[in-house]
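Let's take a friendly walk through a protein model. Keep the picture open as you read.

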Amino acid sequence: MTNIAAETRSVVVEREFGHAPEKLWRALTQPHLIAEWLMKNDFQPVLGHRFDLSANWGVVACRVTEVEPNQKLAYTWEALGLESVVTWTLTPSSNGTLLRMEQIGFRPDQEQAYQGAKFGWPRFLASMEQLLARLD
């Protein structure tokens, strides 16, 4: 039996936000807000819910695998041959919330997807930060 974890890579991005976990949770789980910082979607924070994220380059097929309100959210992320999982972890901090995003499942032959995620996620989180600054 092979060890999948040893054969794949992950992208991790951590960022401190000066907002409460509840505010970040809204940005992670409300479809109209997700569309502002990530992609158009039909997301629902319901275990097992299948949804699509769509952009001009294509569609990401997803399924919610974990929901712990204001703490943790995970979903599959399948597009262009990539089968991965994105996990968001929210940890209260003295300044607000430490947000950790981990996308696991990049095979060695998926260098373009891996590099794209390493480049893209920090940009998405910067867009989320701008959105959070505008929210009440």
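## Strands side by side

Strand 1 (residues 9-17) pairs with strand 7 (residues 96-106) in the antiparallel sense, over 9 bridges. Strands pair if DSSP finds at least two bridges between them. Strands (E, at least two residues) and helices (H or I, at least four) are DSSP runs, numbered from the N terminus. To find your place in this pair, look for arginine 9, which stands opposite phenylalanine 106 in strand 7.

Strand 7 is also joined to strand 6 (residues 82-93), by 9 bridges, and these two run antiparallel. Strand 6 and strand 7 form a hairpin, with 2 residues between them. Here threonine 87 stands opposite glutamate 102 in strand 7.

Helix 2 (residues 21-29) packs against helix 4 (residues 111-134) at an angle of about 120°, and their axes are 11 Å apart. Axes are lines fitted to C-alpha atoms, for helices over the stretch in contact, and angles run from 0 to 180 degrees between N-to-C directions. Helix 2 and helix 4 are therefore oblique to each other (under 35 degrees counts as roughly parallel, over 145 as roughly antiparallel, 65 to 115 as roughly perpendicular and the rest as oblique).

The contact (heavy atoms within 4.5 Å) is made by Lys23, Leu24, Ala27 and Leu28 of helix 2 and by Met128, Leu131 and Leu132 of helix 4.

## About the model

This model is predicted: local features need pLDDT of at least 70 and side-chain atom pairs count only at pLDDT 80 or more, while totals for chains, interfaces and linings use all residues. Residues are numbered from 1 along each chain as its sequence is written, and side-chain values use heavy atoms, leaving out hydrogens and water.
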